[in-house]
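Load the model in your viewer and show it as a cartoon. This tour goes from selection to selection and says what is there.

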Amino acid sequence: MAALGSQGWGIRHDLRMPGSRANLDHLLISPCGTAVVVLDSKNWHRGRTTTLVGGRVRCGTDDRHGQVEAVASYARRVSRTLNLPGVVVWPLLVIHGSPIAGGRLEARAPEWDGVVHVLGPARLVPTLAAAPKAHDPARAAAVVARVDRVLLPYVPGPRRVR
């Protein structure tokens, strides 16, 4: 991700999900200030290929579409929380370990109008680097400032001892 930072992307890690005990693994703010990427990172079985079967993401024979739905839900919450007209929020699922059939997948989730991109870590930087090259440092800084005000660092709650 350092390569994205050097290209002007704002990067935040491990943020608290508003209204939930979940956390956001990574949030990326585009150099043009018009897009925020909610990136969820998962480590799946290295010996099983991740595929799209019948519209559902699977790792080998295991249905993992719940992760697609989760990152789409996170993106919806982030979009509502940021409340920034003209800023698009995109969900992205990065899978470590399991090879992705065809290198990348485009999955759908209920209540999400677009696609959820599913790809491996080697495709992350090239995919985001291919975004429009426009830079608007002032606009990007305003989006980063808004993120920093409303999406706070994740602090896990106390563990319950049984």
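In what order do the three strands of the open sheet run, and is their pairing parallel or antiparallel? The order is E4-E5-E6, and the pairing is antiparallel. Before you select them, note that this is a predicted model, in which local features need pLDDT of at least 70 and side-chain atom pairs count only at pLDDT 80 or more, while totals for chains, interfaces and linings use all residues. Residues are numbered from 1 along each chain as its sequence is written, and side-chain values use heavy atoms, with hydrogens and water left out.

**Stop 1: the three-stranded sheet**

Select 50–53 and 62–63. These are E4 and E6, the edge strands, each pairing on one side only. Helices (H or I, at least four residues) and strands (E, at least two) are DSSP runs, numbered from the N terminus. Two strands pair if DSSP finds at least two bridges between them.

Four bridges join E5 to E4, and the two run antiparallel. Pick Thr51: its bridge partner in E5 is Arg58. Thr50 stands opposite Cys59 of E5. On the other pairing, E5 and E6 are antiparallel over two bridges. There, Cys59 has Asp62 in E6 as its bridge partner.

Now look at the turns. E4 and E5 form a hairpin with two residues between them, and Gly54 in that turn has a positive phi of about 60°. The hairpin of E5 and E6 also has two residues between the strands; in it, Gly60 takes a positive phi near 65°.

Show the side chains of E5. Val57 and Cys59 are on the covered face, Arg56 and Arg58 on the uncovered one.

**Stop 2: helix H2 and His65**

Select 65–82, helix H2, one of the elements that the buried residues of H4 pack against. His65 lies in H2. Is His65 buried or exposed? His65 counts as buried because its relative accessibility is 2%. Buried means under 20% relative accessible area, exposed over 50%, and partly exposed in between (1.4 Å probe, protein chains only). Show what His65 touches: Gly55, Arg56, Val57, Ala107 and Arg108, not counting residues up to four places away in sequence. Contact means heavy atoms within 4.5 Å.

**Stop 3: the six-stranded sheet**

Zoom out to the other open sheet. Its six strands have the order E1-E2-E3-E7-E9-E8, with mixed pairing. The edge strands are E1 (10–16) and E8 (104–107), each pairing on one side only. From one strand to the next, the twist averages 25°.

Select 35–43 and 88–96. These are E3 and E7, which pair in the parallel sense over nine bridges. Ser41 has Val94 in E7 as its bridge partner.

Stay on E3 and pick Asp40, which has its place in that strand. Asp40 counts as buried because its relative accessibility is 3%. Asp40 touches Asp25, Gln67, Val71, Tyr74, Leu92, Leu93 and Val94, not counting residues up to four places away in sequence.

Select 121–129, helix H3. H3 lies across E2, E3, E7, E8 and E9, running at about 155° to E7. Axes are lines fitted to C-alpha atoms, for helices over the stretch in contact, and angles run from 0 to 180 degrees between N-to-C directions.

**Stop 4: helix H4**

Select 137–150. H4 has 14 residues. Which residues of H4 are buried? They are Ala140, Val143, Val144 and Val147. They lie on the same side of H4 because they cover an arc of only 100° around the axis. The arc is that of the directions from the helix axis to the C-beta atoms. These buried residues pack against E1, E2, E3 and H2. The face turned away from the buried side carries exposed Ala138 and Arg149.

**Stop 5: the cores**

Select Leu24, Leu27, Val36, Val38 and Val78. These have the most contacts inside the largest nonpolar core, which has 32 residues. A nonpolar core is a set of buried Ala, Val, Leu, Ile, Met, Phe, Trp, Tyr and Cys residues joined through side-chain atoms within 4.5 Å. E2, E3, E5, H2, E7, E8, E9 and H4 each supply at least two residues of this core. The largest share, seven residues, comes from H2.

Pick Leu27. Among the residues it touches are Ile11, Leu15, Val78, Val147 and Leu151.

Finish on the second, separate core. It has twelve residues, including Leu28, Leu39, Leu124 and Ala131.

Note on methods: Expected span 1.5 Å × (residues − 1).
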